[in-house]
2 protein chains.
Amino acid sequence: MDAIDYARAHRQRFVDELCEFLRIPSVSAQPEHREDMERAAHWLCGKLVSAGFPSARVMPTPGHPVVLAEWLAAGPAAPTVLVYGHYDVQPPEPLDEWRTGPFEPTVVGQDVFARGAADDKGQAYVYVKAIEALAATGGTLPVNVKCLFEGEEEIGSQHLEPFVREHAAELASDVAAVSDTHILGKDVPCIVYALRGIACVELEVTGPDHDLHSGIYGGAVNNPLNGLCRIVARLHDEQGRVAIPGFYDRVRPLEPEERADLGRVPFDRAAWLGEAGVSADWGEAGYSIVERTTARPTLDLNGIWGGYTGVGAKTVLPSKAFAKLSMRLVADQDPAQIVELLRSYLAQITPPELSLELRSLHLGEGAVVARDSAALRAADRAYARAFGKAPVLVREGGSIPVVALIKKVLGIDTVLMGFGLPDDRLHSPNEKFHLPNFSRGIETVIHFMNHLSAAHEPA
Amino acid sequence: MDAIDYARAHRQRFVDELCEFLRIPSVSAQPEHREDMERAAHWLCGKLVSAGFPSARVMPTPGHPVVLAEWLAAGPAAPTVLVYGHYDVQPPEPLDEWRTGPFEPTVVGQDVFARGAADDKGQAYVYVKAIEALAATGGTLPVNVKCLFEGEEEIGSQHLEPFVREHAAELASDVAAVSDTHILGKDVPCIVYALRGIACVELEVTGPDHDLHSGIYGGAVNNPLNGLCRIVARLHDEQGRVAIPGFYDRVRPLEPEERADLGRVPFDRAAWLGEAGVSADWGEAGYSIVERTTARPTLDLNGIWGGYTGVGAKTVLPSKAFAKLSMRLVADQDPAQIVELLRSYLAQITPPELSLELRSLHLGEGAVVARDSAALRAADRAYARAFGKAPVLVREGGSIPVVALIKKVLGIDTVLMGFGLPDDRLHSPNEKFHLPNFSRGIETVIHFMNHLSAAHEPA
């Protein structure tokens with residue numbers, strides 16, 4: 001029995017284990033889930049030991065712990081792959097929009113529904129099971145493997161960079177593999193070669209120093225709720241472009257060749273509108289939907305609040321208004337510099353009767369990885385075998401700051417092997433993972449490690 | 001001992017009773033306080049009986065109950081005064097900004113701090129104690145008195161109009177007296193002769209039909225949070241005027257004489273800025289602060305919410321955004337027509353990728369009462385005796401729709417005898433009532449009833 005046969009024979013057990021993982025509400029953003037975070041880390045560590053890793057441990061950080069494991073079974077001449085994933089998940093709110101409990105994984109048809117199903121527990125667990133299958137059938141691994149699973153990806157990976165710097169020697173590898181992206185369709189695999197950066201900030205607008213009666217003061221006091229709306233309205237121009245002066249100065253223009261590549265990405269507009277649940281698209285004039293969502297920078301409010309939000313009416317003119325906003329950035333935009341440009345612009349457009357405070361929540365750099373390397377070729381062949389179709393090279397709109405971090409600190413490229421689907425509802429109610437992709441993902445990783453080993457030319 | 005002496009002798013007990021009233025959390029907007037509403041109504045009814053009312057009862061409505069009482073002690077030849085007040089209060093939120101519990105009345109210096117202290121429990125209770133003092137010392141009352149205390153003023157008085165229509169015969173009176181306004185300063189009494197109307201609505205903006213990941217869809221989907229902000233930003237022009245087409249069409253222009261009167265209202269800009277807690281005023285060009293807050297129509301957001309509002313960042317592009325907004329209206333604006341003008345304008349400025357729903361929360365008509373009448377003259381002399389200073393005639397920015405309702409259904413004018421102060425923080429944390437005004441209020445009402453009786457010419 002080879003590793004592929006093993007994976008197929010144990011498919012149901014693998015799914016059951018994934019459901020066990022999904023049942024742990026490891027919400028990194030919410031302090032009440034601190035113990036669940038520990039529980040998820042220890043559960044994952046136990047599964048690495050069961051898979052055969054001779055060394056696996058839960059390591060503390062000033063925030064949530066990191067799970068670290070290594071298995072140098074293939075010997076010093078073989079390549080070493082650093083597997084990265086995250087066991088933390090987004091908050092499940094709004095809870096009333098879930099058809100089944102976010103932490104009660106439920107299989108409907110070929111999908112498992114749960115918070116974290118695709119982002120990223122399901123995709124991270126693919127590696128654990130691929131390695132188990134390789135080890136159980138080959139007695140060893142075709143390549144050396146190191147695993148780094150963090151618990152703070154959804155809150156900005158604040159403690160990851162110091163951790164990686166401190167353990168740089170232990171983590172030294174030839175290439176990294178990360179599965180935290182999606183393919184283009186059930187039978188349309190892809191490999192992501194570029195990711196956007198991100199800058200998340202919170203705005204606090206203050207008008208009067210206490211809440212006022214709107215019937216007594218309305219009309220003579222600048223209302224911070226209306227004021228915040230006027231400020232936000234000026235963050236885009238009428239053509240959907242971000243209106244912050246200097247925002248586009250360092251954006252690397254799309255070369256005609258790359259635009260042609262992006263134009264070849266299979267894209268079904270009607271299906272996209274259906275997945276997004278909108279009647280029409282919107283955005284920066286002069287760019288396609290694929291370009292706008294992957295290769296152009298954006299700005300979106302993620303939350304807004306202030307004043308009375310309960311039942312009925314309350315005629316208050318509140319003291320404060322708040323918003324959270326995030327910007328997706330492309331090469332060569334620097335997240336810290338973009339935040340400063342935003343800060344200057346806000347200072348300029350905030351009227352004198354209001355004060356505005358900007359708090360930086362988290363910053364992540366984007367990344368573009370080499371489109372031609374042994375690892376990318378191994379991934380390409382692995383997908384072709386597991387999916388029966390060669391993958392497309394694409395850009396991804398989301399941000400996986402760890403890719404830039406791995407490049408910067410460990411000096412290696414990352415192969416982004418996604419197994420999600422575009423309609424997995426990441427960060428939304430009713431997140432799901434398509435179980436055939438879980439199985440094909442395991443097979444892809446098995447092939448990837450075998451091809452990487454075969455392709456390796458000892459130095 | 002006359003009624004004034006009696007009121008002075010019993011001052012401390014009156015304050016203790018008021019505190020008992022304030023301890024009942026009668027928040028009409030919040031369903032969990034349903035029983036507290038009943039409790040407050042029955043408490044008040046009991047105090048009317050103790051004051052001497054031969055008939056006082058709690059009457060059901062489809063919402064919160066009405067307290068009704070009558071004492072026709074002065075006989076059919078004497079005038080009848082209808083006293084209106086409300087025993088419900090605004091929600092106390094945000095709770096963490098209260099220095100002492102909103103329902104733990106606390107006397108600091110000469111003020112009592114509690115939700116409802118001034119709006120309207122303290123001011124309504126003035127009448128109960130004035131009547132007790134008159135009855136206890138005179139054996140009867142100088143005028144006939146009917147009391148109507150409702151429990152839904154803060155949520156739009158939805159069931160009051162049908163109630164008043166149904167009991168119109170029982171409520172028939174010569175004049176109404178309402179104390180739900182403020183005077184201009186501790187020693188600057190005033191009588192309000194005009195009130196603004198109100199229209200409160202809730203907006204719900206929908207973009208995608210489910211929450212999306214902003215990294216995957218941002219830049220190609222019209223974000224309803226940003227969209228709501230752009231819509232709200234267009235509700236005023238750059239000069240602070242409401243931008244809804246037709247909004248000002250029926251506004252009765254301020255006559256030069258009335259502007260001159262309003263210009264004579266004692267107004268200390270520095271003190272006003274301090275009370276509002278702002279560094280500068282804002283608003284419609286061409287009008288003074290007094291005019292903008294009392295004689296001109298306004299539009300204010302009262303609340304806004306949508307997306308992720310918890311700790312940290314969540315890169316969501318939400319499906320929905322909400323806002324509550326209220327408009328203060330002046331004669332001859334019709335609240336229902338103004339809501340329709342807003343609805344049309346919103347339909348026009350909502351972009352095609354978003355949908356907007358407008359829900360009307362409540363409407364109230366404004367009122368202007370005759371500046372020259374026996375009742376207004378009686379009130380004028382009563383203030384002069386209790387405060388040692390003649391009152392100023394002013395317009396009020398707030399809305400007391402019951403004044404229009406009483407005019408429409410019962411055909412009588414209302415004398416607005418306020419005893420609050422401008423810095424009472426109505427609807428805000430740390431609402432208070434100035435206790436010397438509670439005592440002077442009781443004396444004013446005693447004088448008012450005596451003067452009204454003396455001035456009355458039997459038909």
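This is a predicted model: local features need pLDDT of at least 70, side-chain atom pairs count only at pLDDT 80 or more; totals for chains, interfaces and linings use all residues.

Reply: Gladly! Residues are numbered from 1 along each chain as its sequence is written, while chains are lettered from A and ligands numbered from 1 in the order in which they are written.

Me: What makes a residue buried or exposed?

Reply: A residue is buried if 20 or more other C-beta atoms, placed from the backbone, lie within 10 Å of its own, exposed if 12 or fewer, and partly exposed in between. On one side of E3(B), Thr80(B), Leu82(B), Tyr84(B) and His86(B) are buried, and on the other Val81(B), Val83(B) and Gly85(B) are too, so both faces are covered.

Me: Which strands pair with E3(B), and what makes them a pair?

Reply: Two strands pair if DSSP finds at least two bridges between them. E3(B) and strand E6 (residues 144-150) of chain B have seven bridges, in the parallel sense, and His86(B) stands opposite Glu150(B) there. Strand E7 (residues 175-178) of chain B also runs parallel to E3(B), with four bridges; Val83(B) has Ala177(B) as its partner in E7(B).

Me: How do you know that the span of helix H3 of chain A is close to what is expected?

Reply: Helices (H or I, at least four residues) and strands (E, at least two) are DSSP runs, numbered from the N terminus. The expected span is 1.5 Å times one less than the number of residues. H3(A) (residues 34-51) has 18 residues and reaches 26 Å from first C-alpha to last, close to the expected 26 Å.

Me: Why are the buried residues of H3(A) said to be on the same side?

Reply: Met37(A), Ala40(A), Ala41(A), Leu44(A), Cys45(A), Lys47(A), Leu48(A) and Ala51(A) are buried. They cover an arc of only 160° around the axis (taken from the directions from the helix axis to the C-beta atoms), which puts them on the same side of H3(A). The face turned away from that buried side carries the exposed Glu35(A) and Ser50(A).
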